[in-house]
Amino acid sequence: MTETSRREQILATAAEMFAARGFHGVSVADLGAACGISGPALYKHFSSKQAMLAEMLTSISERLLSVGQERVAAGAGDPAAALRGLVDWHVEFALSHRPLIVVQDRDWESLPADAREQVRRLQRSYITLWADQLRALRPGLDRASAHAAAQAAFGLLNSTPRAGHAIPDGALRDLLASMALAALDVPAA
């Protein structure tokens, strides 16, 4: 296993465990055992448990933004197409990374201050990406309202860890996407 894939495996395991038991409810020994290594061996990959949390949340925020930018670019100047691409991407993220949503919500205060600021900066850029497309779609929409609409859509889409347990992911994907597009008043393709 390469160093990168080992780190990714550790982060995925940590996300599951932090989501289930909380950041402070998981010891380094617990995490090491779940990864098939000793707790102290984790320090070969990360300087601390907080460093794991920081990398976990900053890397996913970076990915949300970079893929979001790709989706907007693929919309080729059509804000409705760009917004459909953004919604599809965020639904895909939310369904694939439920534990990270829980960890972000619950363990935010456990992030080191510099990582919190980096995640906030990335999140503001991601919100602005959505808001800019909303304003391009509806030129009369003011910046504050566009930001609020984007954040409201995130609230809907990020509810996946707590919603849809009886609904298969494919059906939940369709439901969330259609609800978010309707909430944002994005015309159908």
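Visitor: Which residues in H3 meet H6?
Guide: In this predicted model, the H3 side of the contact is made by Ala 54, Leu 57, Thr 58, Ser 61, Glu 62, Leu 64, Leu 65, Gly 68, Gln 69 and Val 72, and these residues meet Ala 115, Gln 118, Val 119, Leu 122, Gln 123, Ser 125, Tyr 126, Leu 129 and Gln 133 in H6.

Visitor: How does that contact of H3 with H6 divide by class?
Guide: The contact of H3 with H6 has 10 nonpolar, 8 polar and 1 charged residues.

Visitor: And at what angle do H3 and H6 pack?
Guide: The angle between H3 and H6 is about 20°, and their axes are 9 Å apart. Angles under 35 degrees count as roughly parallel, so H3 is roughly parallel to H6. The crossing of H3 with H6 is left-handed.

Visitor: What about H3 and H5, how do their axes cross?
Guide: Helix H3, residues 49–74, and helix H5, residues 98–107, have axes that come within 11 Å and cross at roughly 115°, and H3 passes H5 in a left-handed crossing. On the H3 side, Leu 53, Met 56, Leu 57 and Ile 60 take part, and they meet Leu 100, Val 103, Gln 104 and Asp 107 in H5. By class, the contact of H3 with H5 has 6 nonpolar, 1 polar and 1 charged residues.

Visitor: Is Gln 104 buried or exposed?
Guide: Gln 104, which is found in helix H5, has a relative accessibility of 19%, and because buried means under 20%, Gln 104 counts as buried.

Visitor: What is Gln 104 in contact with, leaving aside its neighbours within four places in sequence?
Guide: With those neighbours set aside, Gln 104 is in contact with Leu 57, Val 119 and Gln 123. Leu 57 belongs to H3, while Val 119 and Gln 123 belong to H6.

Visitor: Switching topic, how do H4 and H8 pack?
Guide: Helix H4, residues 79–96, packs against helix H8, residues 169–183, at an angle of about 140°, and the two axes are 10 Å apart. Roughly antiparallel would need an angle over 145 degrees, so H4 is oblique to H8. The crossing of H4 and H8 is right-handed.

Visitor: Which residues make that contact?
Guide: From H4 there are Leu 83, Arg 84, Val 87, Asp 88, Val 91, Glu 92 and Leu 95, and from H8 there are Asp 169, Leu 172, Arg 173, Leu 176, Ala 177, Ala 180 and Leu 181. The residues in the contact of H4 with H8 divide into 9 nonpolar, no polar and 5 charged.

Visitor: Last one, which element has the lowest mean pLDDT?
Guide: Among the elements of the chain, helix H1, residues 3–21, has the lowest mean pLDDT at 89, whereas helix H6, residues 113–137, has the highest at 97. The chain averages a pLDDT of 93, and 97% of the residues score at least 70.

Conventions
Residues are numbered from 1 along each chain as its sequence is written. This is a predicted model: local features need pLDDT of at least 70, side-chain atom pairs count only at pLDDT 80 or more; totals for chains, interfaces and linings use all residues. Side-chain values use heavy atoms; hydrogens and water are left out. pLDDT is the predictor's confidence in each residue, from 0 to 100. Helices (H or I, at least four residues) and strands (E, at least two) are DSSP runs, numbered from the N terminus. Axes are lines fitted to C-alpha atoms, for helices over the stretch in contact, and angles run from 0 to 180 degrees between N-to-C directions. A crossing is left-handed if the near helix is turned anticlockwise from the far one by less than a right angle, and right-handed if clockwise. Contact means heavy atoms within 4.5 Å. Ala, Val, Leu, Ile, Met, Phe, Trp, Tyr, Cys and Pro count as nonpolar, Asp, Glu, Lys and Arg as charged, and the others, Gly among them, as polar. Angles under 35 degrees count as roughly parallel, over 145 as roughly antiparallel, 65 to 115 as roughly perpendicular and the rest as oblique. Buried means under 20% relative accessible area, exposed over 50%, partly exposed in between (1.4 Å probe, protein chains only).
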